Amino acid sequence: MPVKEHGKRRVAYFYDSNVGNYYYGQGHVMKPHRIRMTHHLVMNYGLYRELEVYRPFPASFDEMTKFHSEDYINFLKTASPDNLKLYNKQMLKFNVGEDCPLFDGLYEFCQLSSGGSLAAAVKLNKQKADIAINWMGGLHHAKKSEASGFCYTNDIVLGILELLKYHKRVLYVDIDVHHGDGVEEAFFTTDRVMTVSFHKYGDFFPGTGELKDVGVGKGKYYSLNVPLKDGITDEAYQSIFKPIMTKVMEKYQPTAVVLQCGADSLHGDRLGPFNLTLKGHGACASFFRDYNVPLMMLGGGGYTPRNVARCWAYETAIALDREVANVLPYNDYFEYFGPTYKLHLDPGTGNNENTSEYLRKVQEQVLNNLDRMEAAPSVQMQPIPDDAIRFLNDTSLGQDMANPDVRLHRSIMDSHVQHEGEFYDGENEGDDRRNESNGREAAAKSA
Amino acid sequence: MADEEHSRSAASDEDEEFDVPDDGYDDEVTLDEEEALGEGAAGADELAALEEEGEMDIEELRRRYGYGMPPETANGTTSIEEVACVEIQTEVASTSSTLNLLSYYEHHGGDDEEDKDYIPYDKKEPRVDPVLYQITVPDFCTSSNELQRDYPCTALWISSNKLEDAMLQLIQEQMKAKNPEIRLENCSMVLASKCFQSDNEDLLFTILQVGYDGEAALKASCENKIQHANLPINTWSRSYSPDGDCEHDVAFSNEEKQMFDVYYKEFGKNFLQIAQKFPERKMGELVEYFYRYFKRSARLEKYVHKGYIKEKDCIDVAENIRQQIKTAENRKSKDMSSLWEGTPTKDLV
């Protein structure tokens with residue numbers, strides 16, 4: 001099948017065959033095996049030959065600690081199911097053990113996932129590819145010192161950090177059914193990364209991702225959240241995705257885009273209550289492909305492995321601008337795709353709780369938030385004239401930028417509040433970092 | 001922790017659609033028993049009390065049943081009205097700083113019989129702290145040093161226009177060996193045929209290694225030197241040696257298959273424990289065997305035997321599937337291996 005010249009993109013694909021052999025544990029819904037199933041579909045559809053296929057090196061300790069804390073990564077490295085008992089306290093601290101179990105080969109698995117995203121970012125930076133795909137990655141819930149939602153290391157943050165060396169503005173879009181909290185949190189206070197997440201909100205993991213969460217400080221209005229309800233269909237989703245993302249691209253003008261293609265927003269997912277089919281999900285990928293910006297496509301959630309494989313194979317075909325037959329090719333995991341043995345899913349008949357009125361309101365508010373964002377922030381800071389200081393949101397900035405020879409403006413003086421931690425006198429210094437109100441208590445006690 | 005384990009394993013792994021047989025039988029035995037006890041008078045009181053409750057204010061109701069002040073919830077009204085029948089372990093919800101995704105979903109089955117108090121999933125605020133949570137964004141890099149940086153990867157396949165030529169060459173050489181009068185069109189037809197739709201990553205890797213030279217690739221295959229492209233080194237057999245002389249396709253022997261059957265029945269999907277019984281095999285191998293061979297045959301049986309397919313169609317469909325598999329395998333092994341001998345067929349069944 002001839003490839004259209006004008007639509008041609010160099011697509012790099014990162015995969016390591018070890019990844020399918022890691023097992024989270026008996027009965028756990030996250031199955032790395034789905035990545036292997038995706039790979040086999042890609043191969044048997046004949047898409048492999050049009051890709052550039054790389055096996056990334058596992059990420060090193062130093063690479064991963066560019067975001068995560070050292071003691072967290074050390075823990076991941078040294079703890080194993082055999083020596084569990086030595087690590088009870090740390091397991092609690094790092095939230096490992098229940099949702100995020102300690103399984104055999106966990107550290108290697110994280111290395112592969114992160115390695116793929118790092119390799120993808122470097123490939124894009126060097127302009128050796130237009131689209132870079134890493135289905136092993138997309139684990140967006142992991143935090144700096146904490147595992148969460150089946151994610152241990154946040155390969156997305158690591159990849160974006162790499163991209164930021166060469167790209168002024170990076171856009172992160174998350175179409176997983178869960179809120180992309182790990183990535184949003186990491187970049188909550190910066191304007192160089194804009195995070196946009198479409199997700200189910202309301203009595204749903206992880207509990208963050210409200211409309212009103214837009215970022216703080218320099219990052220204010222550089223985080224967007226689109227909360228949705230159960231049962232959203234392809235048309236409804238695109239009716240809100242397209243206008244918002246068009247405006248984002250227009251205003252923010254990112255020089256690189258990272259798309260997390262979590263497949264749990266599909267119909268029939270074990271955890272996700274949405275009703276998307278491959279067409280609606282894949283339309284998000286083709287939306288960005290058309291913009292011709294360097295694009296990184298990552299995996300993510302997806303708890304019905306056969307649908308995950310279908311979705312990501314289809315999106316690989318989209319990246320290559322290739323059409324693939326609806327009848328699945330015979331492959332090593334063919335029996336998993338019964339009883340239809342077809343690629344595309346039928347949309348479910350469940351109720352779509354997102355009324356058009358609701359979607360319209362959400363869209364309006366999101367676009368409002370977007371309006372408040374400064375268009376295309378440049379990296380250099382401009383010297384701020386004195387009289388503009390009083391309108392600044394970031395109060396410390398006002399203080400820093402003010403003319404040192406003149407007394408601080410009254411608005412700054414008034415808003416200057418002693419930091420809570422100033423009187424921090426607790427014994428837990430360095431260890432009990434989560435306890436934010438310690439300073440206050442200590443101050444009250446000593447007063 | 002033990003409860004978690006139990007509830008997780010209780011949720012079965014089978015992820016195909018099936019209808020729970022529901023013939024609408026409504027068990028009213030207990031109601032009948034109660035009536036038989038003859039509580040006529042008590043019954044009347046009960047009815048009066050229920051009527052009263054119906055008129056009552058919700059606050060009074062709460063106080064009567066000892067709920068005190070209503071909890072502050074983000075969506076206060078909906079939490080009371082919703083009858084979603086979910087029981088959530090409250091200790092988990094309130095004490096752990098990050099919520100337990102799995103345990104929440106284990107109980108959220110849709111098969112709950114009775115109304116329990118509905119506690120909404122806690123709303124969380126975004127956390128801000130430059131040391132604990134956020135990352136300091138590195139400076140925009142202008143030095144060329146950083147841009148030179150390369151992330152180490154092994155190139156397994158780079159697409160190229162030269163591929164078609166290489167493939168044609170390969171086919172031509174192979175077919176010529178059998179029939180010297182072969183023409184190019186025949187080879188193109190073979191190339192366009194269905195058996196070449198699917199990609200063999202080992203073959204493509206070899207073609208890459210020899211610089212897209214069809215002849216050299218053929219030579220490599222004839223000399224049994226097809227290199228494996230993406231072997232699962234960490235998670236596979238210890239007998240693997242990186243020089244290429246690997247026993248990658250060391251199939252599970254019949255004894256091993258039987259052992260696996262036995263231990264699977266005993267331990268379930270606890271591959272760590274099963275792996276202890278297979279000293280020569282790594283856990284990853286067992287996982288792969290499970291997904292690729294064990295489960296597939298089991299799945300086939302399930303589709304045939306569990307009544308998803310009607311009895312009269314039963315044999316036909318199964319036979320159909322078996323036929324499809326057989327012809328696809330034959331086609332694959334016949335065309336592929338006849339064209340390049342020596343490619344190990346991945347036939348571990």
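1. Strand E1 of chain A and strand E2 (residues 52-56) of chain A run parallel and are joined by 3 bridges; two strands count as paired if DSSP finds at least two bridges between them. Within this pair, Phe14(A) stands opposite Tyr54(A) of E2(A). Helices (H or I, at least four residues) and strands (E, at least two) are DSSP runs, numbered from the N terminus.

2. The model is a predicted one: local features need pLDDT of at least 70, side-chain atom pairs count only at pLDDT 80 or more, and totals for chains, interfaces and linings use all residues. Residues are numbered from 1 along each chain as its sequence is written, chains are lettered from A and ligands numbered from 1 in the order in which they are written, and side-chain values use heavy atoms, with hydrogens and water left out.

3. E1(A) also runs parallel to E3(A), again through 3 bridges, and Ala12(A) has Ala132(A) as its bridge partner there. Strand E1 (residues 11-14) of chain A is covered on both faces: Val11(A) and Tyr13(A) on one side, Ala12(A) and Phe14(A) on the other, are all buried (under 20% relative accessible area; exposed is over 50%, partly exposed in between; 1.4 Å probe, protein chains only).

4. E1(A), helix H1 (residues 33-44) of chain A and E2(A) form a right-handed β-α-β unit. Right-handed here means that, with the strands pointing away from the viewer, the path from the first strand over the helix to the second runs clockwise.

5. These strands belong to an open sheet of 9 strands with mixed pairing, in the order E6(A)-E5(A)-E4(A)-E7(A)-E8(A)-E3(A)-E1(A)-E2(A)-E1(B). Strand E6 (223-228) of chain A and strand E1 (153-158) of chain B each have a single partner strand, so one side of each lacks a neighbour in the sheet. On average, neighbouring strands are turned by 15° against each other, direction ignored.

6. Strand E4 (residues 170-174) of chain A and strand E7 (residues 256-260) of chain A run parallel and share 5 bridges; Tyr172(A) has Val258(A) as its bridge partner in E7(A).

7. UniProt, in an unreviewed entry, lists Asp99(A), Gly149(A) and Tyr303(A) under "binding site"; its annotations may be inferred rather than shown by experiment. The three span 205 residues in sequence, yet no two of their C-alpha atoms are more than 13.7 Å apart, so they gather at one spot. Asp99(A) lies in the loop between helix H4 (88-93) and helix H5 (106-125) of chain A and is buried at 5% relative accessibility. Gly149(A), in the loop between strand E3 (131-134) and helix H6 (155-163) of chain A, is buried at 3%.

Terms used
Axes are lines fitted to C-alpha atoms, for helices over the stretch in contact, and angles run from 0 to 180 degrees between N-to-C directions.
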